[in-house]
Amino acid sequence: AAFGFADFKVSDLFSISAGLRYDRDKISQDNVTEGTNPERTDSQVQPKLSLSLQATENMLIYANYGRGYRTGGFNQGDTVRYNADFEAETTDNYEVGIKNTYWNGRFVLNLSGYYIDFTDQQLYALVLDGGNGNILIGNFNVPESESVGFEAEMKLRASNWLDILGSVGVSKARITEGTSTVSTGANETIDVSGNNTPLVPQNSFSFGLESSFDITKKIRFNGNINLEGTGEIFWHEDNVASSSGYNLLNARLGFSFDNFTVNLWGTNITDTQYITEFFAQTFSNGGSDLAWLGQPSAYGVNVSYKF
């Protein structure tokens, strides 16, 4: 790879940044199972451009464009869901946003919107090899897809010992051109154009409190509590199987004594049940659906000493 980047300050308020990167990847595979030794070479030029305007002392407006790239590669072999190899993925990424500070820097509010145009987006699939009892995972390409979304984040210094943080994101990712093969029965190929891209949450949010203050001259408290929300997720290209949104509550309480630090922590405190991976039998060539549950509630203590 070779790359370069430059900044140009047009004026005290307006700046331009530009970059260029070139990647060339030569890939080979020694596939003992299939008895093959395929090779491929992928290359991509990736430009980047950023514009920023300091509209006021407390407001920055910006716009970015960048080409993204992820090399192609090889799978274990051909299956009804993917081929022996997969193509490189490229993206054209556009973003506009505004960053604001108020109240002498005690309140920060950032807003942004983005659009991503994918070519040969890489997705992965799980297939059960019934004859050998193996689980095979491989990548495949969606010819054309896109993602558009909006994000907002804020931080408020409510007092000298309390910070309030929050963020929200809304995403609409869809396949604009593509087909998929259902791997049971007659291995039917279906048109999935216009469907939601799998594994992408439709929305997300977080809300948290952070605190730090001296209890005594020798003991200091610091801790946080955070609620994280994940929206509906579609698991396959046909959009039949989906999981509803869920929220996870995490917390940490910390105490510092001279060189000692003790942290009490808990994750998924409400013991919410949720799914991190799901493969329907119609897409996994299996006799039943497969699901991986998320981590249940967990608690622990971390102790550290500085010397």
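Predicted model: local features only at pLDDT ≥ 70, side-chain atom pairs only at ≥ 80, totals over all residues.
Biologist: Okay, how much space lies in the largest pocket?

Modeller: On a 1 Å grid over the protein atoms alone, a pocket is an open set of points with protein on both sides within 12 Å along at least five of seven lines. Points are joined across faces, edges and corners, and a volume is the space filled by probe spheres set on them. For the largest pocket here, that comes to about 230 Å³.

Biologist: Which residues lie nearest the centre of the largest pocket?

Modeller: Its lining (residues with an atom within 4 Å of a point) has 15 residues. Nearest the centre of the largest pocket are Arg-81, Tyr-82, Asn-83, Phe-140 and Asn-141.

Biologist: What is the volume of the largest cavity?

Modeller: A cavity is a set of points where a 1.4 Å probe fits but cannot get out. Searching the whole structure turns up 1 cavity of 30 Å³ or more. The volume of the largest cavity is about 90 Å³.

Biologist: By class, how many nonpolar, polar and charged residues has the lining of the largest cavity?

Modeller: This lining has 13 residues, with Tyr-124, Leu-199, Trp-235, His-236 and Phe-279 nearest the centre. Strand 8 (107-129) and strand 19 (275-279) each give two or more residues to it. Sorted by class, the lining of the largest cavity has 9 nonpolar, 1 polar and 3 charged residues.

Biologist: How many residues make up the largest nonpolar core?

Modeller: Such a core is a set of buried Ala, Val, Leu, Ile, Met, Phe, Trp, Tyr and Cys residues joined through side-chain atoms within 4.5 Å. In this model the largest one includes Tyr-82, Leu-123, Phe-140, Val-142 and Ile-175. Strand 8 and strand 9 each supply at least two of its residues.

Biologist: Is Asp-120 buried or partly exposed?

Modeller: Asp-120 lies in strand 8, and Val-142 touches it (heavy atoms within 4.5 Å). Its phi is near 55°, a positive value in a residue other than glycine. Buried means under 20% relative accessible area, exposed over 50%, and partly exposed in between, using a 1.4 Å probe and protein chains only. Asp-120 has 23% relative accessibility, so it counts as partly exposed.

Biologist: And Asn-268, is that one buried or exposed?

Modeller: Asn-268 sits in the loop between strand 18 (260-267) and strand 19. Its phi is near 50°, again a positive value in a residue other than glycine. With 3% relative accessibility, Asn-268 counts as buried.

Biologist: Last one: how far apart are the C-alpha atoms of Leu-51 and Thr-90?

Modeller: Leu-51 belongs to strand 3 (residues 39-56). Beyond its neighbours within four places in sequence, Leu-51 is in contact with residues including Phe-14, Ile-16, Ile-61 and Tyr-62. Thr-90 is 39 residues away from Leu-51 along the chain, and their C-alpha atoms are separated by 22 Å.

Conventions: Residues numbered from 1 in each chain as written. Heavy atoms only, no water. Helix = DSSP H or I, 4+ residues; strand = E, 2+ residues; numbered from the N terminus. Nonpolar A, V, L, I, M, F, W, Y, C, P; charged D, E, K, R; others polar.
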